[in-house]
Amino acid sequence: MIKTLHDKGLRSEHAYMAGFASIGLSVLSWMGSMKVETHGVDRADRWGLFVGEWAPTFFAIGLALKLEENRD
């Protein structure tokens, strides 16, 4: 899978940027949920955690892509 992503032009920097963007999006989704929804902190926390769980996946993909780049 990683080789296919690398062959299609995805680089480790792209995955790292997506990881950092997901951290920012996590904060924004938490703040937005706090302001828009009337369900309180519990719902906002769930939204923030849901989006925040993406970051480690993007960083792991970035690391795998970096290893693939170093093989070339």
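A: What follows goes through the ring pairs, a glycine beside them, the nonpolar patch and the salt bridges.

This is a predicted model, in which local features need pLDDT of at least 70 and side-chain atom pairs count only at pLDDT 80 or more, while totals for chains, interfaces and linings use all residues. Residues are numbered from 1 along each chain as its sequence is written, and side-chain values use heavy atoms, with hydrogens and water left out.

The ring pairs come first. Rings of Phe, Tyr and Trp (its six-membered ring) pair if their centres lie within 6.5 Å; planes under 30 degrees apart count as stacked, over 60 as edge-to-face and the rest as tilted. The count by this rule is three aromatic pairs. In one of them, the ring centres of Tyr16 and Phe59 are 6.4 Å apart and the planes stand at 35°, so the pair is tilted. This pair links distant parts of the chain, with Tyr16 in helix α2 and Phe59 in helix α4 (residues 54-71), 43 residues apart. Helices here are DSSP runs (H or I, at least four residues), numbered from the N terminus. Tyr16 is partly exposed at 25% relative accessibility, and Phe59 is partly exposed at 26%. Buried means under 20% relative accessible area, exposed over 50%, and partly exposed in between (1.4 Å probe, protein chains only). Phe50 and Trp54 have ring centres 5.6 Å apart and planes at 75°, so this pair is edge-to-face. Ring pairs also link Tyr16, Phe20 and Phe59 into a cluster.

Gly19 also lies in helix α2 and is buried, at 0% relative accessibility. Leaving aside residues up to four places away in sequence, Gly19 touches Ala55, Phe58 and Phe59, where contact means heavy atoms within 4.5 Å. Gly19 and Gly62 are 43 residues apart in sequence, and their C-alpha atoms are 8.7 Å apart in space.

Phe50 and Trp54 return in the nonpolar surface patch of about 910 Å², whose members also include Val41, Trp47 and Trp30. Such patches are made of residues with over 30% relative accessible area and no salt bridge, with nonpolar side chains (Val, Leu, Ile, Met, Phe, Trp, Tyr) joined within 5 Å. The areas come from the Shrake-Rupley method with a 1.4 Å probe. Two or more residues of the patch come from each of α2 (12-36) and α3 (41-52), and α2 gives the largest share, six residues. Val41 is in helix α3 and is partly exposed at 42%. Phe50 is partly exposed at 45%, and Trp54 is partly exposed at 34%.

The charged pairs come last. A salt bridge is a side-chain nitrogen of Lys or Arg within 4 Å of a carboxyl oxygen of Asp or Glu, and the count by this rule is three. Lys3 and Asp7 meet at 3.4 Å, N to O; both lie in helix α1 (residues 2-7), four residues apart, about one turn of the helix. Lys3 is partly exposed at 45%, and Asp7 is exposed at 53%. Glu69 and Lys66 have their closest N and O atoms 3.9 Å apart, and they sit three residues apart in helix α4. Glu69 is buried at 18%, while Lys66 is partly exposed at 31%. Glu68 and Arg71 form a salt bridge at 3.8 Å, N to O, and are separated by about one helical turn in α4 because they are three residues apart. Glu68 is buried at 8%, whereas Arg71 is exposed at 64%.

Definitions and conventions: Patches are made of residues with over 30% relative accessible area and no salt bridge: like charges are joined within 9 Å, nonpolar side chains (Val, Leu, Ile, Met, Phe, Trp, Tyr) within 5 Å.
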